[in-house]
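Please look at the sequence and the model below before reading on. The report then takes up a sheet, a pair of helices and a disulfide.

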Amino acid sequence: MINVIGIGQNRENMTLGAIKAIEESDVVIGYKKYIEQIEDLIADKEIVKKGMGDEIARAEFAIQRSLEGQTVSLISSGDPGVFGMANVLYQIVSKYDGVEIKVYPGSYLGAPLHDFAAISLSNILTPLSEIEKKLRYALEANLIVAIYNPISKTRKEPFRRFKQCVLEIKGEDALIGIIDSTYEPPKPTIVALRDLTEDIVNMSCTLIVGNDLTYVQDDKLITPRGYVIRSKVHPLSQNHYEKFLNGEVVHGPNRECEFYPCHYEGQYCDFCYCPFYPCGDSSTGGEWIKGKNVWNCKECLWLHSKDAVECLRPPLEDILEDVEDLKTKKKTLLKLRRACLLKTNPNDL
């Protein structure tokens with residue numbers, strides 16, 4: 001069991017559930033500044049302090065201890081779903097089987113939040129025009145949108161306007177997470193917009209509208225934030241990017257390759273080996289092979305689309321001066337990847 005604990009601004013802001021989870025833990029892991037704020041709660045625990053920026057290392061260490069049968073508390077500042085420790089853990093944990101996670105305070109949906117807006121659909125004192133304007137700006141800015149007061153017996157029209165806004169801006173495949181608090185514990189549901197109907201929503205529901213990169217993993221709603229996962233450059237990838245740097249890599253489909261097409265007819269072959277490997281981001285179709293610590297790109301077709309290649313190749317040619325830059329400049333490369341993802345929308349493939 002891994003408990004992801006948000007301590008708020010300080011020790012006094014913690015929830016009772018978070019305190020109880022720490023009391024039941026064998027190991028407490030966190031950035032040293034956060035650990036110092038809860039020293040009165042963990043005197044009898046094994047304490048592991050990690051430096052700022054070691055989010056991946058913290059997550060991996062917590063998972064390993066959990067797999068050994070220990071109960072682990074992974075300490076975060078603020079709300080771990082907002083400040084990000086829950087997101088990185090859910091992205092990494094898909095490598096493994098049998099790891100249970102609870103987030104305090106947290107969403108029963110998983111880790112859906114990134115930058116987000118919270119909007120009420122109640123039009124009792126707010127005109128529908130104002131509600132709709134807020135919705136459109138938030139959706140067009142690619143924010144996660146949390147909806148409260150979604151519907152009531154007498155207020156149907158705001159919910160219908162909400163659905164229409166999401167349809168026009170995000171499309172019918174947009175992912176919607178629903179938390180229904182009429183159940184104990186609250187009941188989580190994830191649907192595509194096309195399946196979001198009035199009969200499954202009530203006044204006690206909170207809705208989460210995913211952004212363009214949100215995906216479903218093991219029945220959880222995950223919004224990737226982007227973390228650097230270090231890896232050696234494979235010899236075949238090294239050979240490819242040596243040719244790339246020498247201007248020897250064809251632009252567009254390489255029909256002379258004996259394996260063409262390895263994905264689909266018309267694919268662009270500029271990036272036969274992914275320059276971002278492993279990205280750890282399942283929003284484009286990749287996934288961890290459980291128990292193998294191997295990132296599988298087989299279902300990721302985005303990198304071979306014309307739009308993606310034309311967005312990526314010119315800046316990549318400027319960024320890469322040496323094959324080792326695939327490792328040393330990975331943060332810069334991942335920012336480029338994200339920018340082109342949001343520009344080209346991989347969900348359209």
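The text below describes selected features of this predicted model.

An open sheet is formed by three strands in the order 6-13-12, with mixed pairing. Strand 6 (110–111) and strand 12 (215–217) are its edge strands, and each of them pairs on one side only. Strand 13 (residues 220–222) pairs with strand 12 in the antiparallel sense, over three bridges. In this pairing, Gln 217 stands opposite Lys 220 of strand 13.

**Helix pair.** Helix 3 and helix 5 pack with their axes 9 Å apart, at an angle of about 60°. The two helices are therefore oblique to each other. Helix 3 passes helix 5 in a right-handed crossing. The table lists the residues that meet.

| Helix | Residue range | Residues in the contact |
|---|---|---|
| Helix 3 | residues 55–67 | Glu 55, Ile 56, Arg 58, Ala 59, Glu 60, Ile 63 |
| Helix 5 | residues 85–93 | Met 85, Val 88, Leu 89, Ile 92, Val 93 |

By type, the residues of this contact are eight nonpolar, no polar and three charged.

**Disulfide.** A disulfide is a covalent bond between the sulfur atoms of two cysteines. The structure holds one disulfide. Which cysteine does the disulfide join to Cys 311? The partner is Cys 340, with an S to S distance of 2.1 Å. The link of Cys 311 and Cys 340 is left-handed, with -85° about the S-S bond. Cys 311 lies in helix 9 (residues 306–319) and Cys 340 in helix 11 (residues 330–344), so the pair ties together parts that are 29 residues apart in sequence.

Definitions and conventions: Residues numbered from 1 in each chain as written. Predicted model: local features only at pLDDT ≥ 70, side-chain atom pairs only at ≥ 80, totals over all residues. Heavy atoms only, no water. Pairing = 2+ DSSP bridges. Helix = DSSP H or I, 4+ residues; strand = E, 2+ residues; numbered from the N terminus. Axes fitted to C-alpha atoms, helices over the stretch in contact; angles between N-to-C directions. Parallel < 35°, antiparallel > 145°, perpendicular 65-115°, else oblique. Left-handed = near helix turned anticlockwise from the far one by under 90°. Contact = heavy atoms within 4.5 Å. Nonpolar A, V, L, I, M, F, W, Y, C, P; charged D, E, K, R; others polar. Disulfide = S-S within 2.5 Å.
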